Amino acid sequence: MRTDPAAAGPRLTPADTLALVDPATYEDGPPFALLARLRAEAPVTWVEEPALHGQPGGPGFWLVLRHADVERVLRDPATFSSWLGATQVRDAADLDWVRRMMLNTDPPDHSRLRRLLSRSFTPRAVAALTASVEATADRLVERVVDGAAEGRCDFAKDLAADLPLLTLADVLGVPAEDRWLLFDWSNRVIGWQDPDYATSAAFDGTGGTAMAREALALRPAPGPDGRMPDPRTRAGMPDLYAYARLLAEEKRRAPTGDVVSILLAQVDEDGGQVSPEEFENLFWLFAVAGNETLRNGLPGGLIALLQHPDQLAALRADPALLPGAVEELLRWWTPVMVFRRTATRDTDLAGVRVRAGDKVVVSFTSANRDEAVFDDPDRFDVRRAPNPHLSFGHGPHFCLGAQLARVQLRALFAALLRRTATVEPDGPPTLLRSNFQRGVKRLPVRWTAA
């Protein structure tokens, strides 16, 4: 099926393999030194998939580590398909279903849905969202800074979790009182490898809408083994899909100016509209991907600044540096660490023979530290320019929410810097157990108010 992995450079030791694939190792951070060595010695390297934490072993995959090779894979869906094996590293339990998600489609199906979504983010809608994000960020920071007499909080929970939830509620037209459903859904999907998040149930229906309570009645419970059903399948998220159906029915019956109402009214070139099934899958994508990346990018960015107090001081002294600093925060932390493609035909990649059907996994974490692209890549520099990081992907699947994510990052850090005189760690951060999302579960900080 594939080239002998020895042909792709030095074989990985069992410890190297675990450092790359075991989600538990990422509770201490990504293996940057190993990734740097592999970029130099074997920039496309074969990685085995041993059985881990109750998950069966897999067939293995090619890990792509250099910036240029990652770009090549992502801009060539004809050779490296999102649809063929979907985009999660581990093979999907319900491949037929996950292939229907926009994230796991190739052109032309992907292009059709992307056009409909792009048209829904009208200039008026984007301007309204931007103003709302800035006001919300200021209000959240004011609430925390003014409301905590001791000058302490968990930045990950008290600030970073709420801003993307409220922004998503605006985008999706979800009532704000239901937003913690989004929190639980994204916890269960992104944190399925982490026992703290896999059974997330922060939302109990109190104060929620009738839609939320109807969906909540379908929330699955852990089985006899303590595990939840796989959230990457339709059967694992019945509460999310039920809520999406109810929301779509409401927006078709009584449309408002939110992006979802605009999307459901769109008509494509063939006279068709977004189907109920397509909307449910788009809702899944928004509710999970639209929330989790920012929820982890925000505290990850603050960790970078706290670890580099000279850069934090530079940002305080010159707030005009903030737009460039946001790009460096995204490069440095890289919230989504890897994504998968599947080879549709035999091809050569950086001198390695990849066979049709092989899994090809791009490492954004490695590409964003590539010495050939970034001068002194392990240096955190809020003045870094140019900064062609790949944290939002590349090619036809480049993140549709990239600009809105940047707005949220700028808004929250601007408000934090404006309302505080100092911000310092108040204990070590707690990181998510995941080899996919570089997540932050807790980030205790203390501050003095401005």
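I take helices (H or I, at least four residues) and strands (E, at least two) as DSSP runs, numbered from the N terminus. On that basis I listed 17 helices and twelve strands for the protein.

**Ground rules.** I am working from a predicted model, in which local features need pLDDT of at least 70, side-chain atom pairs count only at pLDDT 80 or more, and totals for chains, interfaces and linings use all residues. Residues are numbered from 1 along each chain as its sequence is written, and side-chain values use heavy atoms, with hydrogens and water left out.

**Burial and contacts.** I call a residue buried under 20% relative accessible area, exposed over 50% and partly exposed in between (1.4 Å probe, protein chains only). Of the 450 residues in the protein, 56% are buried. For contacts I require heavy atoms within 4.5 Å. Among the contacts with a separation of 6 or more, 72% are between residues 24 or more positions apart.

**Surface and charge.** Using accessible areas from the Shrake-Rupley method with a 1.4 Å probe, where for residues only the protein chains shown count as cover, I find that the protein exposes about 18000 Å², of which carbon and sulfur atoms supply 55%. I count Lys and Arg as positive and Asp and Glu as negative, leaving out His and the chain ends, and I place each charge at NZ of Lys, CZ of Arg, CG of Asp or CD of Glu. This gives 52 positive and 60 negative side chains, with the centres of the two sets 1 Å apart.

**Nonpolar core.** I define such a core as a set of buried Ala, Val, Leu, Ile, Met, Phe, Trp, Tyr and Cys residues joined through side-chain atoms within 4.5 Å. The largest one has 138 residues, and those with the most contacts inside it are Phe 155, Tyr 243, Phe 279 and Phe 283. Helix H13 (residues 276-307) supplies the largest share of this core, 15 residues. I then followed Phe 283, which, apart from neighbours within four places in sequence, is in contact with Leu 172, Val 174, Leu 182, Trp 185, Leu 240, Tyr 243, Ala 244 and Leu 247.

**Ile 303.** This residue lies in helix H13, and I record Ile 303 as buried because its relative accessible area is 6%. Not counting residues up to four places away in sequence, Ile 303 touches Trp 333, Pro 429, Val 440 and Leu 443.

**Cis peptide bonds.** I noted one between Pro 107 and Pro 108, with omega of about 5°, and Pro 108 sits in the loop between helix H4 (95-98) and helix H5 (109-120). Another joins Ala 385 and Pro 386, with omega of about -5°, and here Pro 386 is in the loop between helix H16 (364-367) and helix H17 (402-419).

**Positive phi.** Ala 350 is not a glycine, yet has a positive phi of about 55°; I find Ala 350 in the loop between strand S6 (347-349) and strand S7 (352-354), and at 43% relative accessibility it counts as partly exposed. Asp 376, also not a glycine, has a positive phi of about 50°, is found in the loop between H16 and H17, and at 42% relative accessibility counts as partly exposed.

Gln 437, in the loop between strand S10 (430-431) and strand S11 (440-442), counts as buried at 1% relative accessibility. Beyond four places in sequence, the residues that Gln 437 touches include Ile 190, Glu 292, Thr 293 and Asn 296. Ser 261, in helix H12 (residues 259-265), is buried at 5% relative accessibility. Glu 49 belongs to strand S1 (residues 44-49) and is buried, with a relative accessible area of 6%; among the residues that Glu 49 touches, leaving out those up to four places away in sequence, I list Arg 90 and Lys 359.
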